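Me: Please go through the model below with me, one question at a time.

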Amino acid sequence: MEGEESQHLFSPEVKIESPSFRHAVSLLPPITLFHGNADYSIPSASSQTFVDALQRLGAKAELILYKGKTHTDLFLQDPLRGGKDDLFDHIVAKIHAGDKDALAKDAIAPPRRRLVPELLLRLAGHISPF
């Protein structure tokens, strides 16, 4: 993103602090950020700082951290592994919050099937270690 000199162009934290957006932050719907704490591309501390800024400006915001997960584990490798997928489960729980029937169906849903052998996923992690 061209380094710190362009942070004002790309950083959501900087954007919400600007006078042109600041007043609207409290009007945002609830926000949940999901982040792996082993992310080398964007440190999870950046998400925490953003959530803190959102809360300071009146937004309802939370951060869910995933221990040992990298930048791509949550949305790429984990879904390809099949089985239990924590991010998927958190998102579905948010969507179905307050709907007892949907939550009951989610609880008995069959596990997702593996789409890629583990060896390939581990190899990809070494080639592109985000």
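Predicted model: local features only at pLDDT ≥ 70, side-chain atom pairs only at ≥ 80, totals over all residues.

Reply: Residues are numbered from 1 along each chain as its sequence is written, and side-chain values use heavy atoms, with hydrogens and water left out.

Me: Which element of the protein has the highest mean pLDDT?
Reply: pLDDT is the predictor's confidence in each residue, from 0 to 100. Its mean over the protein is 89, with 92% of residues reaching 70 or more. Among the elements, the lowest mean (70) belongs to helix α1 (residues 7–10), and the highest, 96, to strand β2 (residues 61–66).

Me: What pattern does the protein follow along the sequence?
Reply: Helices (H or I, at least four residues) and strands (E, at least two) are DSSP runs, numbered from the N terminus. The protein has eight helices and two strands. Read along the sequence, their pattern is α-α-α-β-α-β-α-α-α-α.

Me: What radius of gyration does the protein have?
Reply: This radius is taken over C-alpha atoms, and the globule rule is 2.2 Å times the number of residues to the power 0.38. The C-alpha atoms fill a box of roughly 50 × 45 × 20 Å along the principal axes. A compact globule of 130 residues would have a radius near 14 Å, whereas the protein has 18 Å.

Me: Is Ser47 buried or exposed?
Reply: Ser47 lies in helix α4 (residues 44–56). Buried means under 20% relative accessible area, exposed over 50%, and partly exposed in between (1.4 Å probe, protein chains only). Because its relative accessible area is 12%, Ser47 counts as buried.

Me: Which residues does Ser47 touch, not counting those up to four places away in sequence?
Reply: Contact means heavy atoms within 4.5 Å. With residues up to four places away in sequence not counted, the partners of Ser47 are Leu33, His35 and Leu63.

Me: What is the relative accessible area of Ser44?
Reply: Ser44 is also found in helix α4. Leaving aside neighbours within four places in sequence, Ser44 is in contact with His35, Gly36, Asn37, Leu63 and Leu65. Ser44 is buried, because its relative accessible area is 15%.
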